[in-house]
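Opening the notebook on a new model. I want to look at how the chains are built and how they touch.

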Amino acid sequence: MINYHFDWSVIARNMDRFLAALGLGLGLAVISLAIGCVLGLAVAYARVSPRRWLSGPAWFYVELIRCMPLLLLIFFIYFGLPEFGIYFMDKTQSFVLTLSLYAAAYMSEVFRAGLASIPKQYVEAAKAIGMRPWQRQRYVVLPVMFRITLPAISNNLISLFKDTSLAAAIAVPELTFLARQVNANTFRVMEVWLTASAMYLATAYLLATLLRLVERRYASIR
Amino acid sequence: MDFSMTPGTFLFEAWQARFSLLNGLSVTIGSSAITIVLATLLGILVGITLAYGWWPLRLLARLYVDFMRGIPVLVLILFTYYGLALFGINVPAFWAGVIALSAFATAHVAENLRGAVQSVPAGQMEAAKSIGLRFDQRLRYVIIPQAFRRMLPPWVNTGLEVVKGTTLLSVIGVVELLLASQQVMARNYLIIDFYLLAGAMYLAVNFALAQLGGMLERRFSYLRY
Amino acid sequence: MVEQVLLRAIGVRKSFGALEVLKGIDLEVRQGQVVSLIGASGSGKTTFLRCVNMLEEHDAGDILLDGDPIGYRVEGGKRRRMSETAVSAQRARIGMVFQQFNLFPHLTAEENVMLGLTKVLGKTKAEARDIAGHWLGKVGLEARRGHYPYQLSGGQQQRVAMARAVAMEPRLLLFDEVTSALDPELVAEVLQVMKALAESGMTMLVVSHEMLFVRDVSHHVVFMDQGKVAQAGSPAEVFGNPESERLRSFLGRFHGFF
């Protein structure tokens, strides 16, 4: 290794593939976060519901997912669902389904904390001007909660983005999968993994910066 | 699931596979335990550097932590696995994986420790100084005990992440619980059954870990301020 | 009564960024004296006190305890910072009581007092426990030795903090507005302990807004204004004959107490 000669031409030649793979990972993360937010919000409302038949299963779902390795869920849904006769999904769809279900559990915890932190007076004020329950949620509770939870949502997006690397295990051609492939074909170990690491790092950093800007834009409305 | 004891049924096949599965489970638990111990010890060092270190060291620690948190664990594991071999360091896949996981978890413990230590009011450090305690004594007797309770919940979380993270060792061929289960499925095609079994075992391990964390938290709940 | 000088400050300066907080402080504290620093907030009293205990590092001038510079030593005409261990050893000779008590919340009252005794002075647990018991008794809290800080009132916490400081048998005790964070009805019990300490011959440097206490207990009063010593002297001189308009207006705020 002392005499390892770096040869970046492999990377240069494959740069378009690397960028496409990175883009795919980012896309998977964003879609999964979006679906996860919708599902997670439903789960969060179920968890704070006074009805035990709603809050119980919601609690179970969240705890179950949080204790499960993501890789196991990915395999279970990809290899297991066909056993139940569900065949329509290709591996990318299967992965998005998995990551969304996974994200839903984490997002529901974020939203639950957000719901709990909304001052009672807001809801009472909304009641006082005669808003109906769903209006109170739609126009008062949710907008406030969105602002409170924005930093946590950002963090989750970055986590999910890093989690897309696990899609490599079922051969979804995202960055980690591509890196392994190029590594196997060229043996340019250092170049390949340094590039992949740098791309993940840079993207995570850019996301964090970008989201902080968004947070600041909303921070003024408090 | 068919629970009768004939070949091809879940119970029979699970009994047949009991040694491979338990072996996988022990690899999962073993690698998790080693990683958690290593990461805790190193994380304390890095965390204290983050909070109080001489500024070049602090910068180095900060870079390390941010790098580790920006790169997916799987990439870390693959990089370590292929990279170590390149350096002529021949370590088994198990250790390559444990090194990578520990490097990742160290960053989390360090950041957590920094946060907890800095949440201790400044007056505590001053009071400790004023009775003449040295820096190491101030940390050991005054700051760390108070930071400890605040560190516990995220520390347990890191532990759960580590246990879940050990599944990634299967990618570099370490036969831990997930890969062991998949090897069993390859023989008997009871895919759903054995994924569920593996899932139940992960649940049990993580549940136990979370309970342990809860117990510790209650044990130290007198540390109020 | 001419006792030896215990603490001497000469031209002490300290800035925080562009803001100069201490503009050359000269001050002496003799063995067994109680010296009080008074002045409006922002006049630099607390900063000076913190410099004496090396919680802040002063930029220029000298602070000498028993003739030794605090926090540094002089080598070839240059100031060199002392090692962490040496600074800690010096701090052990100076006790400090804080506005916010700063009791260690994870330790009982007794353990709070014992920590410095065992770890800094190297006493055995048994010795330390005896000493802690003695001083907790002096501040009237022997019955509370096993209580955690959150189980004590503010006044009780502050008395434990005083026991913690005195138990180290410091050469000098610093008091930084120790009654300011207390409810009014708890102030008296703390002042009473301070008074007893003063009468026992403890050397004390006190920052306080309790003018009655300052007048009755101090041997020497220093009025600080905008980072300088504006007037110093016996309580009778300072309170009876304020030289500057600023001191008059400062004391005027406490009018009715005298």
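Predicted model: local features only at pLDDT ≥ 70, side-chain atom pairs only at ≥ 80, totals over all residues.

Entry one, the helices on the sheet of chain C. I started with helix α1 (residues 45-52) of chain C, which lies across β3, β8, β9 (172-176), β10 and β11 (220-225) of that chain. I get about 150° between α1 and β10(C). Next I looked at helix α5 (residues 154-167) of chain C, which packs on the sheet and touches β8 and β9 of chain C. The direction of this α5 makes about 175° with that of β8(C).

I wrote down the strand order in chain C as β8-β9-β10-β3-β11-β12, an open sheet of 6 strands with mixed pairing. Which strands stand at the edges? I find β8 and β12 (228-233) of chain C there, each with a single partner strand, so one side of each has no neighbour in the sheet. Ignoring direction, neighbouring strands of this sheet are turned by 20° against each other on average.

I then zoomed in on one pair. Strand β3 (residues 34-38) and strand β10 (residues 204-207) of chain C pair in the parallel sense, over 4 bridges. I checked one residue of that pairing: C:Ser36 has C:Val206 in β10(C) as its bridge partner.

An unreviewed UniProt entry annotates residues 7-251 of chain C as "domain: ABC transporter". I looked up that span in the model: it is 38% helix and 28% strand, and its end C-alpha atoms lie 27 Å apart.

I count 9 helices and 0 strands in chain B. Its C-alpha atoms fill a box of roughly 75 × 45 × 25 Å along the principal axes. Of the 225 residues in chain B, 47% are buried. For contacts in chain B between residues at least 6 apart in sequence, I get 72% joining residues at least 24 apart.

Chains A and C share no contact, and their closest C-alpha atoms lie 26 Å apart.

For A against B, I find 31 residues of chain A in contact with 27 residues of chain B. On the chain A side, α3 (52-67), α4 (70-80), α8 (175-186) and α9 (189-219) each supply at least two residues. The largest share, 9 residues, comes from α9(A). By class I get 23 nonpolar, 5 polar and 3 charged residues on that side of chain A.

For C against B, 24 residues of chain C are in contact with 20 residues of chain B. Here α2 (84-92), β8 (94-97) and α3 (109-119) of chain C each supply at least two residues, with the largest share, 6 residues, from α2(C). The classes on this side of chain C are 12 nonpolar, 8 polar and 4 charged.

Notes: Residues numbered from 1 in each chain as written. Chains lettered and ligands numbered in written order. Contact = placed C-beta atoms within 7 Å. Nonpolar A, V, L, I, M, F, W, Y, C, P; charged D, E, K, R; others polar. Buried ≥ 20, exposed ≤ 12 C-beta atoms within 10 Å, placed from the backbone. Pairing = 2+ DSSP bridges. Axes fitted to C-alpha atoms, helices over the stretch in contact; angles between N-to-C directions. UniProt positions renumbered as here; feature names shortened; annotations may be inferred.
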